Structure formats: C-alpha cells, structure tokens
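Here is a quick walk through a few spots in this fold. Have the sequence and the 3D view open as you read.

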Amino acid sequence: MWKLTPLKTATQVAKALADVHNIDSEGEASIAHTDIAPNQFISVNGRYKLNDFNRARFIAWSTKDQKPCPYFVGNNGGKFRSPEEYNYEAQTEMVDVFSMGNIFFMLLQGEWPFHELSLESANEMVQQGSRPSIYVDLWHSTDPVNQALKHAMIISHKQNATDRATAREIETFLTQKLRELDPGFIGTL
C-alpha cells in the first residue's frame, strides 16, 4: 500500500483553502487568506484546518465590470509568496494557490522551499519564474503519491495567476487520486 499520509494532508490543505475561497458562492472567491504557509494550518481531531486570518482580504465585486476587484498588500515578505506579491502587483485569491504549491513541495521533498537561499535571492528567483528545486529522484518518481503532489505543485506554481488552477480544482484532483489509491476512501478526511 502507498504511504497516503502526504496525499491526505495535501487534500485537507486544498479543501480548507477552497472552502475559504468559496465561502459565499462556489466559483467566486470572496476571501483571500494571503498568508498560506504550513504554520497557518492546525490539526483538529486529525484534520487540518486553516486559521490565522490577520492578513485576509475580502474580495469586492465590481458591478460595473462584473468581475472581482483585485487588492494590494503593501508588505509581502517571506519565501512563500507569489510573483505578483513580490512585484507588488494587483492580487487575487490566486496568491494563496501559489503559496499552497509550496506546501505541496514540502510534503513531497521534506524541506522548506529555497531553504538554502537568502530571502532576497528566493524572491528574485520567484519573480523571474524559478521555483524550488525538486530532487531528481522525486521528479522522476513513479510513486503515484509523489506524482500527484508534484502535479498539484506544478499547477499551483504557474507564473501568471490566471493560469493557475483554483484551490477547488486542486482539491478535486487530489481527492480523485486519493480515491484511486485507496478504494476504501469514501470522501471524508
């Protein structure tokens, strides 16, 4: 049997984020957490829940343009941020998806992204389109859990926010992989 714990954890993380994004209406994000990192999740009765909403942004809706309004955050430090955060550009809930990709990296590789680099170097690399390096054996792994985590990370780490999968799409993908690998899985984590 495959070691499913990392896949179950990734699925719980994606579900928590998708539920927050879609709290008002499925498919229309109304909240961006803006600080997704491993320490923002707590285990409650064996399930990971998202907490610490001190940086959260409510996403307003433009009735004129019939689309969500972007927001701006003036201080975006750390190594878990998206390119648009480091560039201080207009932001959406997709900053959370990018950061969630770093959690998938950690579940796959067991290390913090860019752990060997300075904060400034890591920020520059993300701005230029680089991502944390995956060990060659993990990149080419045929283990289905590793493959699922790698795929979830890749679709989270797209440079352009509009090219990233949504948190719900990632949750759906991970849940399907979990069902394929664990026929007894019935959908509740």
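## A hairpin, a buried glutamate and a helix pair

N45 takes a positive phi near 55 degrees in the hairpin of β2 and β3, which has two residues between the strands. This is a predicted model, so local features need pLDDT of at least 70 and side-chain atom pairs count only at pLDDT 80 or more, while totals for chains, interfaces and linings use all residues. Residues are numbered from 1 along each chain as its sequence is written, and side-chain values use heavy atoms, with hydrogens and water left out.

F41, for one, has L50 in β3 as its bridge partner.

Here are the elements, taken as DSSP runs (helices are H or I with at least four residues, strands E with at least two):

| Element | Residues |
|---|---|
| helix α1 | residues 5-21 |
| helix α2 | residues 83-86 |
| helix α3 | residues 94-109 |

Now for E85, which sits in helix α2. E85 is buried, at a relative accessible area of 0% (buried means under 20%, with a 1.4 Å probe and protein chains only). Beyond its neighbours within four places in sequence, E85 is in contact (heavy atoms within 4.5 Å) with T34, R55, N76, Q91, V95 and S99.

Last, the axes of α1 and α3 come within 10 Å and cross at roughly 170 degrees; these axes are lines fitted to C-alpha atoms over the stretch in contact, with angles from 0 to 180 degrees between N-to-C directions. The two helices are therefore roughly antiparallel (over 145 degrees).

Key: Buried < 20%, exposed > 50% of the residue type's maximum accessible area, 1.4 Å probe, protein only. Parallel < 35°, antiparallel > 145°, perpendicular 65-115°, else oblique. Pairing = 2+ DSSP bridges.
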